[in-house]
Amino acid sequence: MKRVVLALLFGAIMTSCSNNTNNNAPASDNTNSEITSADTDTDETAYEESYEQHQFPYFFDEYHKSFKVNGGVGIEQFISALNIEGEYGWPSEPTLDKANGYFSYSEEGDGAYRLKASYWNRTDGKKLFILAFYVSEFLYTNQVVTERTNIWRKVRVCHPDPENKDVRLAVESGFLAYIYDADSQMLVPMTESPFNNMPDTNFMMSFKLPQKGKNIEVELFNINDFENSTTHTLKFNGLTFDYVE
């Protein structure tokens with residue numbers, strides 16, 4: 001998605017530069033006024049080659065750190081602390097349910113961003129904040145992606161077009177968990193997963209966080225076979241969650 005914006009901006013800049021060059025040139029000098037197809041191909045090739053070294057923007061790596069919370073304690077403040085709005089930009093009306101401590105956002109384009117967030121009041125007086133994410137992006141032929149799998153997130157690359165193996169889609173799905181520290185007013189990432197007995201699977205993960213209620217549903221699926229998926233419950237025990245088969 002960001003690549004599309006960048007590509008459009010690049011195209012606009014190139015067009016603007018071309019127009020400015022022609023507008024500023026003397027009227028009697030038309031020697032270099034035409035741009036050949038070879039010149040255009042060279043520019044586009046150089047641009048795409050520069051993007052081949054572009055790393056997939058791993059969501060977990062970007063947000064698995066502490067964040068300062070300002071202006072109160074609630075779902076709006078927690079989301080604002082992460083400053084995701086400055087990274088991707090929201091649609092016109094994201095779901096922000098302050099009363100139930102729930103947030104969701106999705107955007108489709110050259111890939112997808114799907115975010116859900118909730119927080120829980122724990123029995124020890126602390127607040128647990130969880131952000132579930134699904135991020136995908138279409139890749140250039142040689143774009144670098146490192147596939148990863150652990151209890152927190154999965155990163156996979158698939159070929160959505162069986163007729164064209166150069167078309168690849170990188171998918172990252174998982175969650176981030178933070179404890180709110182009232183003394184420092186910080187969201188501090190948990191070092192241990194709050195999901196007890198969650199199986200370490202190669203399947204991708206899709207989380208349905210509750211807008212009402214306390215339990216989480218998690219769907220495990222294969223990105224090459226979406227039909228064969230299984231759904232499980234993560235039951236809140238007052239501090240963390242217990243995985244239910």
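## Strands, cores and rings in a predicted model

Phe195 stands opposite Phe241 in E14. Two bridges join E10 to E14, and the two strands run parallel. Strands count as paired if DSSP finds at least two bridges between them. This is a predicted model: local features need pLDDT of at least 70, side-chain atom pairs count only at pLDDT 80 or more, and totals for chains, interfaces and linings use all residues. Residues are numbered from 1 along each chain as its sequence is written, and side-chain values use heavy atoms, with hydrogens and water left out.

Strand E14 covers residues 241-244. Phe241 and Tyr243 make up its covered face. Asp242 and Val244 make up the uncovered one.

### The chain as a whole

The chain has five helices and 14 strands. These are DSSP runs, numbered from the N terminus: helices (H or I) have at least four residues, strands (E) at least two. Of the 245 residues, 38% count as buried. Buried means under 20% relative accessible area, exposed over 50%, and partly exposed in between, with a 1.4 Å probe and protein chains only. The accessible surface of the chain comes to about 13,700 Å². Carbon and sulfur atoms hold 47% of that surface. The areas come from the Shrake-Rupley method with a 1.4 Å probe; for residues, only the protein chains shown count as cover.

Contact means heavy atoms within 4.5 Å. Among contacts between residues at least 6 apart in sequence, 56% join residues at least 24 apart.

### Nonpolar cores

In soluble globular proteins, nonpolar side chains tend to be buried together. A nonpolar core here is a set of buried Ala, Val, Leu, Ile, Met, Phe, Trp, Tyr and Cys residues joined through side-chain atoms within 4.5 Å. The largest has 52 residues. Ile130 and Phe207 have the most contacts inside it. Strand E5 (residues 127-139) gives the most to this core, with eight residues. Apart from it lies another core, of eight residues, among them Ala112, Cys158, Leu169 and Ile223.

Which residues does Phe207 contact, leaving aside its neighbours within four places in sequence? The list runs through Lys116, Ala132, Gly174, Phe175, Phe195, Met198, Ile216, Glu217, Val218 and Leu234.

### Aromatic rings

A search of the whole structure finds 17 aromatic pairs. Rings of Phe, Tyr and Trp (its six-membered ring) pair if their centres lie within 6.5 Å; planes under 30 degrees apart count as stacked, over 60 as edge-to-face and the rest as tilted. Two of the pairs are tabulated here.

| Pair | Centre to centre | Angle between planes | Class |
|---|---|---|---|
| Phe59 and Tyr63 | 4.6 Å | 35° | tilted |
| Phe60 and Trp152 | 6.1 Å | 45° | tilted |

Phe59 and Tyr63 are four residues apart in helix H3 (residues 59-63), so about one helical turn separates them. Phe59 is buried, at 0% relative accessible area. Tyr63 is buried too, at 2%.

The other pair links distant parts of the chain. Phe60 is in helix H3, while Trp152 is in the loop between strand E6 (148-149) and strand E7 (153-158). They are 92 residues apart. Phe60 is buried, with a relative accessible area of 10%. For Trp152, also buried, the value is 11%.

One aromatic cluster is formed by Phe59, Tyr63, Phe67, Phe78, Tyr119, Phe129, Phe133, Tyr178 and Tyr180.

Arg148 lies over the face of Tyr58, at 4.0 Å from the ring centre. A charge sits over a ring if NZ of Lys or CZ of Arg is within 6 Å of the ring centre and within 35 degrees of the ring normal.

Gly101 lies in the loop between strand E2 (95-97) and strand E3 (102-109). Is Gly101 buried or exposed? Gly101 is buried, with a relative accessible area of 2%. Not counting residues up to four places away in sequence, Gly101 touches Ile75, Ala117, Ser118 and Tyr119. Gly101 and Ala117 are 16 residues apart in sequence and 8.1 Å apart in space, C-alpha to C-alpha.

Thr201 is found in the loop between strand E10 (195-196) and strand E11 (204-208). Thr201 is buried, at 16% relative accessible area. Its contacts, leaving aside neighbours within four places in sequence, are Thr149, Lys154 and Leu220.

Arg168 lies in strand E8 (residues 168-181). Arg168 is buried, with a relative accessible area of 14%. Arg168 and Phe138 are 30 residues apart in sequence, and their C-alpha atoms are 5.9 Å apart in space.
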